[in-house]
Amino acid sequence: MTLAHAFAADDYARYLVDIDHGHGHGGGGDGDGCGLTPKEEARRWRLHVDILAYTVAAHCMGGLVTAVGPEFDSVAVWIPPGKNLDGLWTHFRSGLWRLHFKLSAEGRRRYYDEILPLLHDTKAAVLGPRDADAWYLVYLGTKPGSQGRGYAARLLRDVMARADAENRPMYLESSSPANNAYYEKFGFRVQRDIYLQRGSAPVGLSIMVREPGGAVPTAARTTYQGTIRNPERHLGWHPGVEIST
């Protein structure tokens, strides 16, 4: 529940949840939560929690999940170098397969046809031959009542030390300018901006890379909206999102 509460109001985390059926681009549009019935609010919250629960379970199996605090106050979800969540066993045991049935038709289009291909293709383009060698931060979140205690920084520094010792880059997608500023303190730099387009307003993400030792990357910042042709290979992935705390 830590990540669910940390991302309760995050535009990117809500992109698969806040969909008003029958409106907007592609048969669905974004809802701002105004005027929702208690039943609909509860349904959207359950979906939000389920998405994150399945994602954490998948990364416990095929990636790395770390936590700190007396009640798991801050949680970080990683894909280590050389790892992926593409296996069917991971997909089914984690519960990710249930998303196909729990998401709306528009939600499935956003997840399988837009988000997964865009994130995969962008990471490959930004990192190039180092794609499989990077530490990928998928989520970092802290309970609202536990923020300001340095929990997130402790989780970050733990893997930063490992990445530096291994001479590997670190990669993440940031969901807000405030997050960008937070991660820049740790040596991350924005390399590219991407946008999700199926909602009533674009949802932007900044692609950030930290070089070993915090060296500043040389690649220019660009905007990208490309896709790949075979997203079905990556059904085990969940959108890589993080939040500063």
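Set aside the neighbours within four places in sequence, and Gly-107 is in contact with Leu-16 and Ile-19. This is a predicted model, and Gly-107 sits in helix H5, which covers residues 105-127.

- Asp-18 is 89 residues away from Gly-107 in sequence, yet the C-alpha to C-alpha separation is 9.1 Å.

**Ser-174 in strand E6**
- Strand E6 runs over residues 170-174, and Ser-174 is part of it.
- Relative accessibility here is 1%, so Ser-174 is buried as well.
- What does the side chain of Ser-174 pair up with? A polar contact of 2.5 Å links it to the side chain of Asn-180.

**Two non-glycine residues with positive phi**
- Phe-72 has phi near 50°, a positive value in a residue that isn't glycine.
- You'll find Phe-72 in the loop that connects strand E3 (64-68) with strand E4 (74-79).
- Is Phe-72 buried or exposed? Its relative accessible area is 59%, so Phe-72 goes down as exposed, given that the label needs over 50%.
- Asn-167 also has a positive phi without being glycine, this time near 60°.
- The loop holding Asn-167 lies between helix H6 (151-166) and E6.
- Asn-167 is exposed because its relative accessible area comes to 58%.

Note on methods
Residues are numbered from 1 along each chain as its sequence is written. This is a predicted model: local features need pLDDT of at least 70, side-chain atom pairs count only at pLDDT 80 or more; totals for chains, interfaces and linings use all residues. Side-chain values use heavy atoms; hydrogens and water are left out. Helices (H or I, at least four residues) and strands (E, at least two) are DSSP runs, numbered from the N terminus. Buried means under 20% relative accessible area, exposed over 50%, partly exposed in between (1.4 Å probe, protein chains only). A polar contact is a pair of N or O atoms within 3.5 Å; within protein, one must be able to donate a hydrogen and the other to accept it, and residues adjacent in sequence count only if both atoms are side-chain atoms. Contact means heavy atoms within 4.5 Å.
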